[in-house]
Amino acid sequence: MMAESMIIKGGIVYDPLNGVKGEKTDIMIKDGVIVSEVPSDAKEVDASGKIVAPGGVEMHAHVAGPKVNAGRTLLPGDFRRYYVPKTDSLRALVGYAVPTNYTTGVKYTELGFTTVFEPAMAPLDARHTFEELEDMPNADKAVFPVFGNNWFVFDCVKDNDIEKLKAFIAWMMTETKGYGIKIVNPCGAYMWAHHHSNVTSVDDVVPEYDVTPRQVLRGLAQANEELGLPHTIHVHANMLGRVGNVSTTLDTLKCVEDIKPHPSREQVIHLTHLQFNCFGEDENHRICSGAEDLAEYINSHPQVSADLGQVIVDVPTCTMTSDGPAEFFIHKALGPKAKWINGDVEAECGGGIVPITYRSNNPFNAIQWAIGIETCLLVKDPWRVVITTDHPNGGPAWYYPRVISWLMSKKARDKMIETVHKSVQDKTSLVNLEREYTWEEILICTRAGPAKLLGLKSKGHLGEGAHADVAIYPIDPEKVDMANQPEEIEKKLWADMVIKDGKFLVKNGKTITTERGRTYLINQYYKDEEHKRMLKDLKEHFQKWYSITFNNYRIQDVFAPRPQTVSINPIS
Amino acid sequence: MVEVYKDVVCTFCGCLCDDIEIHVEDNKIVKAVNSCAISRAKFLGHESNGERQVLIDGKEASLDEAIKKAAEILVNAENPLIYGLASTSNEAIRKSMELAEKVGAKIDNTSSVCHAPTLLATQFVGDPKCTLGVIKNRADLIIFWGCNPTQAHPRHFERYSSNVKGYFTQNGREDKKVVFIDVRETRSTSKGDLFLKIEPGRDFELMLALRALLRGKKLQKDVVAGVKVEDLEKIIDMCKNAKFGVIFFGLGLTMSRGKYLNIECAISFTRELNNHTSFLIIPMRGHYNVTGANSVMTWISGYGYAVDYSRGYPRYSPGEFSAVDALAEYCDAALIIASDPVAHFPKNAVKRMGDMPVVLIDPKPNCTSIVANVYIPSLSVGIETEGTAYRMDGVPLYTRKVVNGPDGVLSDEEILERIMEEVDKLQR
C-alpha cells in the first residue's frame, strides 16, 4: 500500500493515552505510522475547527461467520432498508442491522473506526469466518474463538491440568488464527445441546464431566494469564437475559478475583455486553436495574473491564450468540411468530439466532435500554468500560453517535426517558444521574480504552510509532456545547475524514476507496513437551468425537492474507 | 513412484467426506481408499469424458479469444444470467458475484432447483440445526424424510448418522432408532426400525397430522396420506421419548407438492418438539458446495439465490430472478459455471438457451456445452486445484489438489478473474 507523508494541521487533537486533551497540535504521518517529523513536501491536511482522534477500536461486534450469515438469511427485508448502488470506486452497499461484510466495513470506516474484532467464532467454522472477514474491507480485525463449552477444556479443567490447557489454548489459537479466549455461557451451551437444559449458577455441575462454570472460568482465566495472551478472558456470563441475573454476573466476576493478572496488565476478566447480564429482581420478581451493584463492583475491582451491549429501541435488529439456551429462551419469550435458528457445534459450542425489535413502550426493553447508559455513567474509570451495542444484538453499531449523545448530554437522556416506558423512572437510577461524559472520556471509551484492553500497542493513540489511523470529526468542541446540543453530536460523529495506515479512506464524509485490513493472530505453540503431551490426547479426542479429521482442522494461511502475528508471553 | 495423499476431501456430494486416501502415480490417480462407489468413480475416472479444448462456436480457439468473447457477450447483453456455482469453490463463487455486480447480471445457483424451498422456509421460521458431529455424538432418533442416503449420500450412515458411534451413542446403531418416510421402498428404507410409506404429494398433510398429534389433538381419520394414525402416534411417542432427535430431509420434501410449505411445516414441527426434548432438522444437500453457494451469495448480497444486479445493487425475487424463470422469460445471455442446465431444466428454458449466446465454464463438456457459444474448460476443484467448500451442515473444509491439470487450463476462479479484466477494458 502506498502511503504518503502528511501533516494534519490545526485540528483539536485528543490522544488520551498520551495525555493530549483537546489541544491544537499537528499530527505527522510517514510510511503509514505516526512520526515526529515529516519531509518538507509532506501533504498538508487542514483540520482546523475539527476533532482529530485515533481511529476507533470496536472490541465486540458480530460481523462475520455462520451465525452472522444466518442472521442475514432471517432478515431478507434488511437489505431493502439500506441500499446504495455500486459506483466506480465502491461496490454496492446493502443491509442495515446485519449488512453484507462489504457494507459493514465501509460503515465502520465512515464512523471513524479502523479496528473491528469479531468476538465469537466456533473454531470448527473458522474458515467461514475468515472468508467473510476477507470481504469486510478497511478495518484491521481479529477473532475470539469460543472455549467455554469445549469438551477438551472440560477434560483439562476436570483434571486440573492447567499446563495441558495452556498447550490446548495456544494450539487452538494457532490452528484457527484466533486472538483471544471467548467464553459464552460456560457449561450452559453444552447442557443445552446434550441435555436440553441450561446452567443456572456458576456451581451447576455438567454430569458427564463433573465440572462447573466456576471451574471452567477459573481454569481458562489462570491459563490465559499464565500464557500471556494479549487480552483477558472475554466473558458472556451465565443466565443471560434472565431476571435477577446480576447476582450470577457478580458470582462470575468473583470466581476469578484471586487470579493473578499477567504482568503486562491489571485485568483478568472482561465482562462483555454487560447490559444483558445486569438485570436485578424487584419484590414482585420483575426486572429492575442491577447497574448500581455491578458498577460498584467494577469500581472497587480493577481486575475487571466491561463493555456495554447498549440496547437501541424501535429498530429491527437480530440477536446472535453462541448461547444456544439463551436464544431458545428469547424465541419462546417473543412468542410463536419469532424466527429461531439453533446451531450446536460438535464438541465445541452452540449458538442461536433470533431477530428482535426492542420496543420503547415495553417495560422490560425500556429498562434494558436504561441499564447500559446507567452502568456507563456509574462506572468511574472510563478506561475499563467500552461503548458497544454488541452489534447487532443490542442494535446496529451505526447508533454509536446516538449512544454517545446520551452519555454526553443529560438533556438527550431526559428527552429519551420521556419517550420510553415509565418503568425506567422507577426501576433504574438513570433519571437521577447528572454525570455528562467529556470528549476525552468518550474517546477513551471508543479507542484508547479498548485498544489497551485488547493489548494493541499500535492502536488507539497518536504517539510516535502508532499506526496512522486517524478519524477527523467536523466538530469544534470549543464552539459546540455538547450538553445542550446533543443533536449535533449525533450528526457529526460520522467522520469527515478517515486515514488508515497513512492513506485516505474517507474524504468529506464519503468513502473514496477500500483497502484490505490486517488480521491480528496468535501463531505460537506452548512449550514443546506440553504441546506434545496435549496433542497425543487431542488426536484421540478428534478421532472419537469430531466428524472431520484432525489434519483438516487447521485453517490454511490463505485465509488471512495480511497477517499480523502477535506473540504470547508465558510466565514460567 | 506412488504418492499418497491422506485426508483428502471428496468433492462430490454434500457429505464432503474428508478421510479419503488418494494414491497418485505419474500424475494419475490409481487408487482411492475410503471412497464410496460414487467418489471412487469421480477420482479414478476424472480424466475421462473428452479433451479439455477451448471452443468458440464449436471450433477450437485459444483461451485468450474465449475469455475476450465471454466478456463481450456479458457486456453486450441487456439481461445476462450467471448460473451454476454449486460444484465449484467459494473462491470462484465470490468472483462470480463480483462479475455479476460489474455487468448488472442476474445470478443464481443450482439450489433454485433443489433446496431453495428450504431457504424460503428458513426465512419464514428459522432453522434449528447443528453440525453432523453433534448428530454422531448425541442423536438417538433419526428420521429420514424424502431422501435416500444409501444411493445419494452413501457414507452418511457410517460417518454421521445411524451407524456411527459417538459420545452418547457408544454402541452405534444399537443405541439409535431410525425411521424412514418416503413414497416408495428404497435401498435405504430397509435399514430403518420403521418405514412409513406415504402417498406421493401428501407430505404436508402428514406433517400437519403429526403436529396435531404432538399438540394432543385427536384425529378424525384412521389413515392420513396413506399412513395409519397409530403409526403416526408411534412416531410421536418415539420423538417425545428420544433424548435427541433429528430430521434429515431431501428433495422428496422440497421438490414435491407444497415445496417450501412442506419445509416450513417440518421446521415448525421440529420447533414444537423442542418443548419436549432436543430436536433438530438438517437438509440433505446434494452438490458438494451448494451450501457454500447459498452462503457466499448471502454474505455478499444478503440473499442466498435468485439475485439481480441490474440496478447496481442486489435485489431478490425467487420466481423472477431464479434461473429457470429468467431463462424461459427474458434473459438474453448466460454464463454457466460448473453446471449443466441444458440437461436438467424445463423445455422452455433450454429452448431459449439455444437462441441466446451462452458461455460455459466447466471441467467437462456436458449437454450445455452443445449449445454453448463459448466453452472454457477449467480445473476440477478438489482434484486439480484447491478451494473452500461447505458441507451440508455448513462446516467449511479446504479441498486439495492431488494431480496437476492439463497445461494451460485454469481454475474457475482464475478464468472469472480474467473475464473481469476484459469486462473492465470494455466498460472503460
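Which strands of chain B make up an open sheet of three strands, and in what order? The order is β1-β2-β3, and the pairing is antiparallel; two strands count as paired if DSSP finds at least two bridges between them. This is a predicted model, in which local features need pLDDT of at least 70, side-chain atom pairs count only at pLDDT 80 or more, and totals for chains, interfaces and linings use all residues. Residues are numbered from 1 along each chain as its sequence is written, chains are lettered from A and ligands numbered from 1 in the order in which they are written, and side-chain values use heavy atoms, with hydrogens and water left out. Helices (H or I, at least four residues) and strands (E, at least two) are DSSP runs, numbered from the N terminus.

**Interface of chain A and chain B**

- On the chain A side 58 residues are in contact with 63 residues of chain B, contact meaning heavy atoms within 4.5 Å.
- About 5000 Å² is buried between the two chains, 52% of it on carbon and sulfur atoms; buried area is the accessible area (1.4 Å probe) that two parts lose on being put together, summed over both.
- Of the area that chain A buries against chain B, 12% comes from A:R91, A:E131 and A:W340, more than from any other three residues.
- Four salt bridges are found across this interface, a salt bridge being a side-chain nitrogen of Lys or Arg within 4 Å of a carboxyl oxygen of Asp or Glu.
- A:R91 and B:E101 meet through their side chains in a salt bridge, at 3.7 Å from N to O.
- Strand β20 of chain A pairs with β8 (residues 126–130) of chain B in the parallel sense over five bridges, and A:I341 has B:D127 as its bridge partner.

- β1 (2–8) and β3 (28–33) are the edge strands, each pairing on one side only.
- β2 (residues 20–25) is joined to β3 by five bridges, with B:E21 opposite B:V33.
- Helix α1 (residues 37–44) of chain B packs on the sheet, touching β1, β2 and β3, and its direction makes about 165 degrees with that of β3. Axes are lines fitted to C-alpha atoms, for helices over the stretch in contact, and angles run from 0 to 180 degrees between N-to-C directions.

**Within chain A**

- An open sheet of seven strands has the order β3-β2-β7-β23-β24-β25-β26, with mixed pairing; its edge strands are β3 (20–24) and β26 (510–511).
- β25 (residues 503–507) and β26 pair in the antiparallel sense over two bridges, with A:K507 opposite A:K510.
- Helix α16 (residues 439–453) lies across β2, β3, β7 and β23, at about 30 degrees to β7.
- A:K50 and A:D496 form a salt bridge, with the closest N and O atoms 2.7 Å apart. A:D496 is in the loop between α17 and β24 and A:K50 in the loop between β6 and β7, so the pair ties together parts that are 446 residues apart in sequence.
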